Structures are given as structure tokens and as C-alpha cells.
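The following note sets out, point by point, what may be read from the model shown here. Please keep the structure in view while reading.

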Amino acid sequence: MTAKRGRPRNVETQKAILTASYELLLESGFGAITVEKIAERAGVSKATIYKWWPNKAAVVMDGFMSAAADRLPLPDTGTVHQDILVHAGNLVRFMESSEGNIIKELIGEGQFDPGLAEAYRTRYFGPRRLEARQLLERGTKRGELKETVDIELAIDLIYGPIFYRLLVLGENPSNAYVEQLVDYCFTGMRNFGD
């Protein structure tokens, strides 16, 4: 979270602010939320919110992430192929949920709001990308993938088509699609350098 220096946050006040921002996001969408509405719902002043968050986008993304964080656990099935398959499948199911629809809305709003775009990139997509990196690096350490695999490119190859289907085509990728996509990518990664 983007805390400023000063007194530590009161946990109950912080939770009330995050809950209020998440509820307003579900009810009204990002565009209709204001810091004033969050403060009113949480029973705090705007100054309290601005002490802890630099802008509306930051507090809304933190509220969203605190509510949705447990929906995307990091798998450890014993094989990198299965870990990525589970991770990608969980991501698709999440993006099809009400929380995922919020992310889609935020991506759209972010095209006109650079602060929001930065917030969802750093608070949502950055951590998801780091998770995928950790899974692939774990597979490399276990010898399941060659050390010459370009992990950043592999992440793009696996997750890029999923977001293309979701955000550009407006389609929900099926489990069979995700499985075939991951299989194709792993075939390429395993053969890389041969």
C-alpha cells in the first residue's frame, strides 16, 4: 500500500476506508467514486484518506485488492506446467467474476486516467506477473525448464492471449482453451535452444 510517513494507520479506520471504497466500486463503478464518498461511507475525513493514499485510484485499488487477494492463491502442484495451468485457469475464472469485471472496467477507465492505470499496473498486474515469474523460475530451478528460457517472454506468451480474448474480443476463454494455450507454450519452452 502507498502509505505516507507519519503516524501508523489505525487498523479499524484503514479497514473501514478499504471496505467503503470496495463497496462503492461494486455499487457505482470507478467513475462515480469520489474521495468524499469514500470518506462519508467510512466515517472519516478526506484528510485521513489523503494521509494514507495519494489519490482516489490508489485507495480504490487497495480496497479492491484487500477484498480480492485470496481469490488467486499461488499454486504449488509439484510441476511447473501444472502450476501455470492452475494459475492461468484461476486468473480466467477470476476475470469472469464480479471482481474481474471491475478490473476490466478499471482498465477501460485507465485509458483516460494515468493515475488509475499506474495503480492497477502496480497493485494488480505487477503482482500477478511476479507470481507467474516465481512459478516459472521454480520450474527452471527444478530442471523442468531450460535456464535459457526467456521468462518475461514466456509470461507474455501465456497470459497475453488470455487478456486479448477477455479484453479485446470480449470472450471468456474456456478451460480447454487455457489448457491448449499452456500446452503449446510449454512445448515451445521445452524445445527452446534445441
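1. Basis of the note. This is a predicted model, in which local features need pLDDT of at least 70 and side-chain atom pairs count only at pLDDT 80 or more, whereas totals for chains, interfaces and linings use all residues. Residues are numbered from 1 along each chain as its sequence is written, and side-chain values use heavy atoms, with hydrogens and water left out.

2. The chain as a whole. The secondary structure consists of nine helices and zero strands; helices (H or I, at least four residues) and strands (E, at least two) are DSSP runs, numbered from the N terminus. Along the sequence the pattern is therefore α-α-α-α-α-α-α-α-α. The C-alpha atoms fill a box of roughly 60 × 35 × 25 Å, taken along the principal axes. Of the 194 residues, 44% are buried; buried means under 20% relative accessible area, exposed over 50%, and partly exposed in between (1.4 Å probe, protein chains only). Among contacts (heavy atoms within 4.5 Å) with a separation of 6 or more, 67% join residues 24 or more positions apart.

3. The length of helix α1. Helix α1 covers residues 11-28, which is 18 residues.

4. At the start of α1, a side-chain oxygen of Asn-10 comes to within 2.9 Å of the backbone nitrogen of Glu-12. Just after α1, Gly-29 has a positive phi of about 90 degrees.

5. The buried side of α1. Which residues of α1 are buried? They are Gln-14, Ile-17, Leu-18, Ala-20, Ser-21, Tyr-22, Leu-24 and Leu-25. As a general rule, an α-helix has 3.6 residues a turn, so residues three or four places apart point the same way. The cover over the buried residues of α1 includes α2 (35-42), α3 (46-52), α4 (56-68) and α6 (98-110).

6. Ser-21, in helix α1, counts as buried because its relative accessibility is 0%. The side chain of Ser-21 reaches the backbone oxygen of Leu-18 at 2.9 Å. Not counting residues up to four places away in sequence, Ser-21 touches Ile-33, Ile-38, Val-59, Val-60 and Gly-63. Val-60 is placed in helix α4 and is likewise buried, with a relative accessible area of 0%. Under the same exclusion, Val-60 touches Ser-21, Leu-25, Phe-30, Ile-33 and Ile-38. Val-60 and Val-35 are 25 residues apart in sequence, and their C-alpha atoms are 9.3 Å apart in space.

7. Is Thr-48 buried or exposed? At 15% relative accessibility, Thr-48 counts as buried. Its side chain makes a polar contact with the side chain of Ser-45 (3.0 Å). A polar contact is a pair of N or O atoms within 3.5 Å; within protein, one must be able to donate a hydrogen and the other to accept it, and residues adjacent in sequence count only if both atoms are side-chain atoms. Beyond four places in sequence, Thr-48 touches Thr-13 and Ile-17. Val-44, in the loop between α2 and α3, touches Thr-13, Ile-17, Ala-39 and Ile-49, not counting residues up to four places away in sequence.

8. The packing of α1 on α6. The axes of α1 and α6 come within 10 Å and cross at roughly 80 degrees, which makes α1 roughly perpendicular to α6. Axes are lines fitted to C-alpha atoms, for helices over the stretch in contact, and angles run from 0 to 180 degrees between N-to-C directions. Angles under 35 degrees count as roughly parallel, over 145 as roughly antiparallel, 65 to 115 as roughly perpendicular and the rest as oblique. Tyr-22, Leu-25 and Leu-26 of α1 make the contact with Glu-99, Ile-102 and Leu-106 of α6.

Technical notes. Expected span 1.5 Å × (residues − 1).
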